[in-house]
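Student: I have a model open and want to learn to read it. Can we go through it step by step?

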Amino acid sequence: MQSAASALPAFARLRSLDVLGRFELPRGPFVAAASIVMTVFVAAFLYAPAQSYYQAMRENQRLEMEYAALQSRNAAIEAQNDSLSTAAGVETAAHEEFGWVKKGEQTANVSGLSSESESAGSLTTYQSEVKSADIAPPTTWYSPLLDVVFGVS
């Protein structure tokens, strides 16, 4: 017959001999290493969703800025259309844009003015075209760092 000790499973025999107690790992370095490994895995799995969210947020900010520019452009065009719907507005536009004068009036051309002064008198005071590439999203205190981290150009 077998002895009572040999009838036990192998793990129970090792436990009864206290073999496992001799090979105990130190807890401090093991916990630190496990924490580092878990942090790396969490960062690796969360990077793609965080990148997608940040890029969408920056694109939304850029589109809001573009929308605001288009609204101001449309308001300027509407104001110009309102002024051209009156007889005085048409007369002013014909005089400024084409140099037309009424009978009995005289005209004079002044040269040597800067382009800022010339454009100030023009009826076309709005931006002729709003391009998406010209509109940049607003810069925040964190955007220079996160733009690099998440690859936003």
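Tutor: Start with a definition: a helix here is a DSSP run of H or I with at least four residues, and helices are numbered from the N terminus. Keep in mind that this is a predicted model.

Student: Which helix holds Asp147?
Tutor: Helices carry numbers counted from the N terminus. By that numbering, Asp147 is found in helix α5.

Student: How many helices and strands does the chain have?
Tutor: Read the elements from the N terminus on: they run α-α-α-α-α. The count for the chain is 5 helices and 0 strands.

Student: Is Asp147 buried or exposed?
Tutor: Buried means under 20% relative accessible area. Asp147 has a relative accessible area of 16%, so Asp147 is buried.

Student: What share of the chain's residues count as buried?
Tutor: The same cut-off applies, under 20% relative accessible area. The chain has 153 residues, and the share that counts as buried is 10%.

Student: Which residues does Asp147 touch, not counting residues up to four places away in sequence?
Tutor: A contact needs heavy atoms within 4.5 Å. With that rule, Asp147 touches Val152, Arg58 and Tyr54.

Student: Is α2 parallel, perpendicular or oblique to α5?
Tutor: The axes of α2 and α5 come within 10 Å and cross at roughly 125°. That angle makes α2 oblique to α5. The contact is made by residues including Tyr54 and Arg58 of α2, and Asp147 and Leu146 of α5. By class it has 6 nonpolar, 3 polar and 2 charged residues, and the answer on direction is oblique.

Student: Is the crossing of α2 and α5 left-handed or right-handed?
Tutor: Look at how α2 passes α5. The crossing is left-handed.

Student: Does Arg62 count as buried or exposed?
Tutor: Arg62 is found in helix α2, residues 27-84. Its relative accessibility is 14%, so Arg62 counts as buried.

Student: Which backbone oxygen does the side chain of Thr86 reach?
Tutor: Thr86 is in the loop between α2 and α3. Its relative accessible area is 40%, so Thr86 is partly exposed. At 3.0 Å, its side chain reaches the backbone oxygen of Ser83.

Definitions and conventions:
Residues numbered from 1 in each chain as written. Predicted model: local features only at pLDDT ≥ 70, side-chain atom pairs only at ≥ 80, totals over all residues. Heavy atoms only, no water. Helix = DSSP H or I, 4+ residues; strand = E, 2+ residues; numbered from the N terminus. Buried < 20%, exposed > 50% of the residue type's maximum accessible area, 1.4 Å probe, protein only. Axes fitted to C-alpha atoms, helices over the stretch in contact; angles between N-to-C directions. Parallel < 35°, antiparallel > 145°, perpendicular 65-115°, else oblique. Left-handed = near helix turned anticlockwise from the far one by under 90°. Nonpolar A, V, L, I, M, F, W, Y, C, P; charged D, E, K, R; others polar. Polar contact = N/O pair within 3.5 Å; in protein donor to acceptor, adjacent residues only side chain to side chain.
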